[in-house]
Amino acid sequence: MSGPTSIESVLSESRVFPVFPNLERDARIAGMAAYEELCQKAEQDYPGYWADLARDRLVWTKPFTQVLDDSKPPFYKWFHDGELNVSANCLDKHLGTPTEHKTALIFEADGGEVTKVTFRELYEQVCQFANGLKALGYKTGERALIYMPMSVQAIVAMQACARLGITHSVVFGGFSAKSLHERAVDVGATLVITADEQRRGGRAIPLKNAVDEALSAGDCQAVRHVIVYKRTGGPVAWHEGRDLWWEEVVKGQSADCPAVSVNAEHPLFVLYTSGSTGKPKGVQHSSAGYLLGAILSVQWTFDAKDSDVFWCTADIGWVTGHTFITYGPLAAGLTQVVFEGVPTYPDAGRFWNMIERHGVTVFYTAPTAIRSLTKAAEADEAIHPKQYNLDTLRIIGSVGEPINPEAWMWYFKNVGRERCPIVDTWWQTETGGHVITPLPGATPLKPGSCGLPFPGMDVAIVDEVGEEAERGNGGFLVIRKPWPNMIRTIWGDPDRFVKSYFPPELKGYYLAGDGAQRDTDGYFWVMGRIDDVLNVSGHRLGTMEVESALVAHPLVAEAAVVGKPDPTTGEAIVAFVVLNGDLPAGAEADKIAAELRNWVGKEIGPIAKPREIRFGENLPKTRSGKIMRRLLRFVANNEPITQDVSTLENPAILDQLSEAH
Ligand code: ATP
Ligand code: MG
C-alpha cells in the first residue's frame, strides 16, 4: 500500500468562524457540550447508542433484538433480526399526521415548470406504480435499473422498488449505453425503468435509445420489461412485449399497496461509485442501517426543522441524491426542491433565482458548482448572487470534493451572506451518510476543513500500521468501528470489497482512500486521494494544498495538480489551470505561469512550485463533477490513456490539455 505517512506542509488557513448564536439556540445538537455528550455516549456503549437511535427514528414491523453482528468481519450486520420497510418509513409513517398534506416535493423542470406533490399524493403515486410492478410479476429480491431524468417519477420508481423489496440501481442519465450495459449485467437487472428523453439546458437528450442499445447485447436477456416514462414525447423505438409506457403500468392500479416487510439487512440498493480513482464499484447498502444514517444526516447536519425547504442539487444517480433526496428528507418529513436542469440554464443565476422563488432554507451543492458559478458571477454582475434575495437561507452545504478555502469564503460571503454556516460534509458512496461534518449549532467553522466526526462515528488518521497519527501529521483516513449505514459488500465481488477497504495491515479498519490530517483542535483536513499524493524531494504534499494555493490567486478559477517522475526530485509537480478570463497563449501564458509558480512558492514554499503549468478551458471531470487526476497523470507524462474513461464527462478536454503548454 502506498500513501502518505506524513504530509509535512500544513495548510496555512487560520480563520475560525464561531457558531451563530441564533442557530445554536434551538438546534437539535445545541453547543459543543451537547455534541460531546453524544460522542461520549457512543464511546461508552457503542451498540446501545445506535440501538436507541434505531428504535427512536425507524418504524419496525418486527423489532430487532440484536444490534451488531461482527462475527464475520468485515461483513457486518446491523439490527439483523429486525424487519421494516424503507418506503413505509418515508411515506406511510406520515399518513394521519400533519405531514400527510404537507408538500413533499417542489419539482422544477429544466424549462421552469413547477409541480408540487404532497406526502399523501406521493404515497399514492408510489403505491400505484408498485402495484403495477407487482401485476407484471416483479418480486422482492429482483434488481431494477433506473435510468431516468430528475423527476417526481424517478423518486416514485425508487420508492416503489423499496416498497416491494426490489433492489434498485440508479444509473446517472448522463452515462452512455456502454456504462448502462455494464451495470445492467453486473447487477443482474430484470427490470429497467427509464424515460423517452431528458431535458438538460434546453436540449432534449435521448434515454430510451441508450437503453435499447445497452440491452441489445446478448447478455441482458434477464430484463423482462422496460418501463418508459414519457418526459418529452420524443421519438422512441418500441420492443413489443418488453416495453411498456409508465401510464399503462399504473392505469387502474389501486392507490394503496402494502409495503413488504424486509429484513434489516435486505439490500435496498446497489450504486456504482463515481470512478474518480478507477473502475466503479457496485456499492451494496442495507435497508435499516442505511435509512438510519440518512435520517440522522438530514436531521443533525442540516439541523432539520419542520418549516425547512430543503434543496440538495445532486442528481439521484449519485449517493447524495439517494440520501438527500429520495430517502433522508422524505423520512424526515421535509419539504424539498427537486431540480431537473443545469445550474447555468437559462443563465448562471438559476440556483440563486430558485432559492429566492421557492424560499429555500437549506441548500446543499458541490464545490464544482460553486467554482463554476463563482467564475460566471465574477464575469457577469447580472447573475451574481448579490442580485437575489437569499434571506430565507439558514444553512448551506458542500459535498463531493474538498472545497478550497478561497471557494469556501466566496460561498460563505456571497451565498450565505456571512450568516449561514457552511457544512462541508465528508462522506462517500460507501459510507451512506455523513462521516465528518460541522454541525450548525455546535461546530465553529474553519474554511477548508470538514470539521469533526459525525456523532457516533469513530474516525481517525492513522499511519501504515494503523497507529493514530500525531495531530498535524498526515495519514490515512480510516473509520475504526463498523457503523450502521456502511457498505455491506461490493455487489457480486466480496473479495474486491475486502481488498479495497480492509487492508490487513490496518487492524481491520475501514480505509476510505483519502489522505487527511487532523489539527490540534481535532479538525479534519482532507488533503486528497491517497493515490494522488505528491512526493517532491521526499516531501509529501496533498493535491489539495497546492490546488488551494493556486485557486487563491485572483486569476485562477480551478486547478488540478499531479506528479510526474523526475530524476532529481523524485516527482515534479505539473499543474493544470483554468483561468477566470480567456485561455492565455504564447508570451502571455508564460508570464502568467511564472507568476503562478512564484505565488505557490510564497504561499506554501519553494518545494511546492509547479515545474510545469498547462492552461485549459476546463479540467477532466467525472459525471458528478469531480476532477479526475488519474487521467491528468497520463497527460502530464505525454502518455496515451490506458485507463477506464467511461465516467468522464468531457473527453475532448484531454486533447486540449495534451497540446497545451
Ligand atoms: P471512486 O471510488 O470510484 O474513485 P469516488 O470516490 O469519486 O469514486 P464517491 O463515493 O462519489 O466516488 O466520492 C467520495 C469521495 O469524494 C471521497 O472519498 C472524497 O475523496 C471526496 N469527497 C466527498 N466529500 C468531500 C468533502 N467534503 N471534502 C473532501 N473530499 C470529499
Ligand atoms: Mg471512492
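1. The structure is a predicted model, in which local features need pLDDT of at least 70 and side-chain atom pairs count only at pLDDT 80 or more, while totals for chains, interfaces and linings use all residues. Residues are numbered from 1 along each chain as its sequence is written, chains are lettered from A and ligands numbered from 1 in the order in which they are written, and side-chain values use heavy atoms, with hydrogens and water left out.

2. The UniProt record, an unreviewed entry, carries a "binding site" annotation that covers G400, E401, P402, D424, T425, W426, W427, Q428, T429, D514, R529 and R540. These positions are spread over 141 residues of sequence and also in space, with up to 27.1 Å between C-alpha atoms. UniProt positions are given here in the numbering used for the model, feature names are shortened, and annotations may be inferred rather than shown by experiment.

3. T425, one of the annotated residues, is found in the loop between β20 and β21; helices (H or I, at least four residues) and strands (E, at least two) are DSSP runs, numbered from the N terminus. Not counting residues up to four places away in sequence, T425 touches T301, Y364, S398, V399, H434, I436 and T437, where contact means heavy atoms within 4.5 Å. The side chains of T425 and Y364 also make a polar contact at 2.6 Å, that is, a pair of N or O atoms within 3.5 Å, of which, within protein, one must be able to donate a hydrogen and the other to accept it, and for which residues adjacent in sequence count only if both atoms are side-chain atoms.

4. D514, also covered by the annotation, sits in strand β24 (residues 510-518) and is buried, with a relative accessible area of 8%. Neighbours within four places in sequence aside, its contacts are W426, G475, F476, L477, V526, G528, R529 and I530, and a polar contact of 2.9 Å joins the side chain of D514 to that of W426.

5. Strand β24 belongs to an open sheet of four strands in the order β21-β22-β24-β25, with antiparallel pairing; two strands pair if DSSP finds at least two bridges between them. The edge strands, each pairing on one side only, are β21 and β25 (524-529). Five bridges join β22 to β24, and I479 stands opposite Y510 in β24.

6. The count of salt bridges comes to 34, a salt bridge being a side-chain nitrogen of Lys or Arg within 4 Å of a carboxyl oxygen of Asp or Glu. One of them joins E100 and R120 (3.1 Å, N to O); because E100 lies in the loop between α4 (86-90) and β4 (103-108) and R120 in helix α5 (residues 119-135), the pair ties together parts that are 20 residues apart in sequence. E100 is buried at 11% relative accessibility, whereas R120 is partly exposed at 23%.

7. A further salt bridge pairs K481 with D458 (3.5 Å, N to O), linking parts of the chain 23 residues apart. K481 is partly exposed at 29%, while D458 is buried at 16%.

Technical notes
Buried means under 20% relative accessible area, exposed over 50%, partly exposed in between (1.4 Å probe, protein chains only).
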